[in-house]
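I opened the model today to look up a few things. My notes follow in the order I took them.

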Amino acid sequence: MEIVLPERVTRDDVARLWREHAARAATATQVELVGVREIDSAGVAFVLELAAIGNAAIVNAPPRYTALAAAHRVAGVPA
């Protein structure tokens with residue numbers, strides 16, 4: 001199963017997105033970011049937590065996600 005996130009994944013959105021997606025996280029195989037256009041550090045933390053619950057792959061991450069993850073030294077993201 002795939003969790004597809006919306007265009008905006010920011011601090012203002014994380015609580016709502018958690019309510020919408022947390023129950024499905026344990027069975028998700030992918031967290032799809034193809035449509036994400038706006039993301040901040042809170043959004044990166046949310047994506048990482050969502051993926052970790054079910055050991056899901058994070059796919060089609062936008063450059064901003066990759067840059068923030070590298071800045072926060074997230075494992076598996078080149079610095």
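This is a predicted model: local features need pLDDT of at least 70, side-chain atom pairs count only at pLDDT 80 or more; totals for chains, interfaces and linings use all residues.

**Entry 1: Asn 60.** Asn 60 has a relative accessible area of 48%, so I logged it as partly exposed. I found Asn 60 in the loop between strand 5 and helix 3. Its phi is near 55 degrees, a positive value in a residue other than glycine. I wrote a reminder beside that: most residues other than glycine have a negative phi.

**Entry 2: Glu 32.** From Asn 60 I moved to its partner. The side chains of Asn 60 and Glu 32 make a polar contact at 2.9 Å. Glu 32 sits in strand 3, residues 30-32. Which side chain of opposite charge is nearest to Glu 32? I found Arg 37, 8.8 Å away. Glu 32 is buried and has no salt bridge. I then checked the backbone around it. A polar atom of the Glu 32 side chain lies 2.8 Å from the backbone nitrogen of Val 34. Leaving aside neighbours within four places in sequence, I listed the contacts of Glu 32 as Glu 2, Ile 3, Val 4, Leu 5, Val 59 and Asn 60.

**Entry 3: the core.** I turned to the largest nonpolar core, which has 21 residues. Leu 5, Val 9, Val 31, Phe 46 and Val 47 touch the most other members. Helix 1 (11-25), helix 2 (41-54) and helix 3 each give two or more residues to this core. Helix 2 supplies the largest share, five residues. I followed up Val 9. Beyond its neighbours within four places in sequence, its contacts include Leu 17, Val 36, Ile 39, Phe 46 and Val 47.

**Entry 4: helix 3.** Pro 63 lies in this helix, which spans residues 63-71. Is Pro 63 buried or exposed? I logged Pro 63 as exposed, because its relative accessible area is 68%. Its C-alpha atom is 9.4 Å from that of Arg 37, 26 residues apart along the chain. Tyr 65, Leu 68, Ala 69 and Ala 70 are buried in helix 3. Strand 4 (38-39), helix 2 and strand 5 (57-59) are among what covers them. Arg 73 follows the helix, with a positive phi near 55 degrees.

**Entry 5: Asn 55.** I ended in the loop between helix 2 and strand 5, where Asn 55 lies. Asn 55 is not a glycine, but has a positive phi of about 55 degrees. With a relative accessible area of 72%, Asn 55 is exposed.

Methods. Residues are numbered from 1 along each chain as its sequence is written. Side-chain values use heavy atoms; hydrogens and water are left out. Helices (H or I, at least four residues) and strands (E, at least two) are DSSP runs, numbered from the N terminus. Buried means under 20% relative accessible area, exposed over 50%, partly exposed in between (1.4 Å probe, protein chains only). A nonpolar core is a set of buried Ala, Val, Leu, Ile, Met, Phe, Trp, Tyr and Cys residues joined through side-chain atoms within 4.5 Å. Contact means heavy atoms within 4.5 Å. Lys and Arg count as positive and Asp and Glu as negative; His and the chain ends are not counted. A salt bridge is a side-chain nitrogen of Lys or Arg within 4 Å of a carboxyl oxygen of Asp or Glu. A polar contact is a pair of N or O atoms within 3.5 Å; within protein, one must be able to donate a hydrogen and the other to accept it, and residues adjacent in sequence count only if both atoms are side-chain atoms.
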